[in-house]
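Let's take a walk through a protein together, stopping at a few spots along the way. Have a look at the picture first, then read on.

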Amino acid sequence: YNRRSDGILEQLPSRHVDTGMGFERLCMVVQGKKSNYETDIFQEVISEISAITGKAYGANEKWDVALRVVADHLRAVAFSIADGQIPSNNKAGYVIRRILRRAVRYGYTSLGMEEPFIYKLVPVLARTMGSQYPELRTSGKHIEMIIHEEESSFLRTLGKGLKMIEKTLADLKAQNLDTLSGKLAFEMYDTYGFPVDLTQLILKENDMKLDIQGFEKEMKGQKDRSREDAVTENSDWTVIRETEGTEFTGYNSTTAEVNITRYRKVRSKGRECWHIVLDKTPFYAESGGQVGDTGILRFKDGAVKITDTVKENNLIIHIADSLPPDPSKTMGAEVDTGNREKTANNHTATHLLHYAMRSVLGKHVEQKGSLVTPDRLRFDFSHYSKPSPEELRRIEEIANSMVRGNYEGVVSDGITMDKALGMGAMALFGEKYGDRVRVVGFGDSVELCGGTHVKSTGKIGIIKIVSEGAIAAGIRRIEAVTGSGAEDFINEKLRTLDEIAALVKSTGSLTENVGRLVSENASMRKTIEKLQMKSCDDQLREFSSKAESRNGISFISGILESESVEIIKNSASRLRSNLAESVIAIGTETGGKATLLVLLTDDLVSKRGMSAVSIIKEIAVEINGGGGGQPFMASAGGKNPAGLTKAIARVAEIIDSL
């Protein structure tokens with residue numbers, strides 16, 4: 001059925017039954033097994049996990065669950081990475097990251113694996129399924145690298161979480177409490193990725209419990225906020241004309257006489273807009289990394305602005321802030337040609353850079369994502385190390401030589417995939433290909449692509465790489481600008497160099513002049529630090545000469561003048577190392593903010609059980625701040641320098657009360 005916005009169900013023309021008989025279940029039936037995991041599809045991987053972890057399948061139910069989770073999640077993550085989707089904090093990448101982290105957690109808590117191990121399973125998965133899915137073999141090392149990096153990162157997170165839990169448990173015990181707040185558990189889960197079931201397990205081992213109602217309340221609040229952010233209200237489509245789809249005419253023209261076939265009102269995040277579908281359109285819908293076209297729908301007495309063009313369920317949808325007054329009439333569709341031309345420049349430049357990168361870095365380079373806008377281009381590619389400056393220069397040179405070669409674009413539309421691959425065409429990540437495909441070639445660059453391009457490469461003008469960096473293990477990102485955008489970038493760099501030359505009064509080599517200034521600055525900085533350190537040492541010696549004896553403890557205190565808190569810490573630490581049964585309390589003001597520092601000699605910590613952390617937490621309120629540290633040294637920062645004297649006086653009171 002199709003459910004309308006008023007709740008009425010409309011019967012669809014085709015009706016089917018989903019039996020749920022997927023490949024794994026069919027294998028289970030054919031092989032006479034009671035579980036998918038007992039079939040040969042999973043058993044080789046599970047056996048490898050057992051060999052690595054030393055936990056035999058079938059010996060312990062807890063182990064069995066973990067072995068099945070790891071084997072199942074490995075497949076989902078490995079196939080996704082092979083298809084170009086890497087773990088991240090956004091959208092589909094976040095799903096992959098959560099799946100992998102769940103597998104790591106089961107390995108950690110149930111199988112005792114505190115070191116990365118899931119990446120070691122990729123070869124056996126490729127051996128099991130590589131004949132049907134060859135990308136598992138060709139991308140095996142790449143998949144291993146990304147999984148290993150993700151495992152290592154999350155295990156570090158688990159380690160940090162364990163330290164946080166240990167500290168929190170110590171604080172709870174000190175206060176004679178046995179319940180961890182749900183808010184703190186949720187913060188550990190949401191901010192640091194620390195799983196709540198592991199938190200509960202650790203609490204149980206320490207005869208404590210979790211405020212699970214509080215945790216669930218925080219979780220519900222987050223879900224409600226996410227749901228509110230994501231709410232989109234769509235009205236039903238108003239159908240004017242029944243058509244089979246939209247004919248795209250934008251490869252050859254940026255204008256067309258069109259008719260609206262259907263429209264609907266959409267409300268999202270308090271903003272109202274209209275979705276419009278046409279019988280034909282010159283507007284390119286966002287796809288394969290290329291952004292959608294903008295422009296106008298022109299009618300007799302005015303025009304409606306099209307702010308974006310997207311695809312949804314095979315419909316090309318034009319997004320507009322308003323609806324034409326009479327949607328039934330024929331009107332003119334006009335693409336913003338300025339933006340289209342800039343986008344085409346950047347899209348063709350993407351192909352040229354891709355070809356150049358494979359020429360310089362190697363044929364293993366594959367595009368793993370792209371974004372093509374009127375202003376810039378970027379694409380993500382597989383490579384195992386940072387390209388050198390010389391390699392980047394060579395890539396740029398090859399791409400620009402192809403621009404100057406002014407290669408005509410050769411488009412082969414509607415050919416079979418086999419024929420396209422026979423032509424040497426490369427498929428770009430993010431594109432969806434049917435039985436018939438489109439091949440775009442510029443010289444030796446030949447790729448499968450449905451996007452819009454320049455007629456000849458000379459139109460691009462110039463390609464300039466502006467940044468390159470890593471975004472994940474084995475995945476790097478390059479960004480570039482073309483044409484007038486490249487000119488603006490280069491001119492801005494030249495203006496900056498001219499300004500620097502004027503500032504340093506350069507008359508010869510700018511590089512040599514700046515290098516000399518950097519060297520002189522470093523030398524002066526060292527001199528200043530030595531003078532600051534000597535001043536700090538002198539002030540502390542003066543404070544030490546006026547030390548008070550309180551409750552059998554030497555109390556050294558004062559307000560110190562210094563620009564560097566780090567220098568104060570170093571000087572105070574040196575003083576502490578030469579003392580016994582002493583407390584040092586120092587205050588300072590830097591940049592309008594207050595800093596407190598408390599140090600205890602080792603004998604006070606070990607024999608009298610004193611803690612600098614406890615003292616700093618008690619006195620930090622006087623400067624409207626907070627802090628922490630270690631038992632022998634703790635610090636606090638705050639917004640109220642006027643409270644420094646009172647804070648130090650409270651240290652004296654604490655010593656007196658011992």
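Phenylalanine 379 and phenylalanine 381 are both buried, where buried means under 20% relative accessible area, exposed means over 50%, and partly exposed is in between (1.4 Å probe, protein chains only). Before we go on: this is a predicted model, where local features need pLDDT of at least 70 and side-chain atom pairs count only at pLDDT 80 or more, while totals for chains, interfaces and linings use all residues. Residues are numbered from 1 along each chain as its sequence is written, and side-chain values use heavy atoms, leaving out hydrogens and water.

Now for the rings. A pair of aromatic rings is described by the distance of the centres and the angle of the planes. Rings of Phe, Tyr and Trp (its six-membered ring) pair if their centres lie within 6.5 Å; planes under 30 degrees apart count as stacked, over 60 as edge-to-face and the rest as tilted. That rule gives 9 aromatic pairs here. Take tyrosine 37 and phenylalanine 42: their ring centres are 4.8 Å apart and their planes sit at 55°, so this pair is tilted. Tyrosine 37 is partly exposed at 22% relative accessibility, whereas phenylalanine 42 is buried at 3%. Back at phenylalanine 379 and phenylalanine 381, the centres are 6.2 Å apart with planes at 65°, so that pair is edge-to-face. Ring pairs also join Phe186, Tyr189 and Phe215 into a cluster.

A charge sits over a ring if NZ of Lys or CZ of Arg is within 6 Å of the ring centre and within 35 degrees of the ring normal. Lysine 55 does this over tryptophan 63, 5.6 Å from the ring centre, and arginine 438 does it over tyrosine 251, at 3.6 Å.

Next, find arginine 576 in helix 16 (residues 565-577); helices are DSSP runs of H or I with at least four residues, numbered from the N terminus. Is arginine 576 buried or exposed? It's buried, with a relative accessible area of 14%. Setting aside residues up to four places away in sequence, arginine 576 touches Ile584, Leu599, Leu600, Thr601, Asp602 and Phe632, where contact means heavy atoms within 4.5 Å.

Lysine 173 is partly exposed, at 45% relative accessibility. Beyond its neighbours within four places in sequence, lysine 173 is in contact with Asn206 and Met208. The C-alpha atoms of lysine 173 and asparagine 206 are 9.9 Å apart, although 33 residues separate them along the chain.

How values were computed: Helix = DSSP H or I, 4+ residues; strand = E, 2+ residues; numbered from the N terminus.
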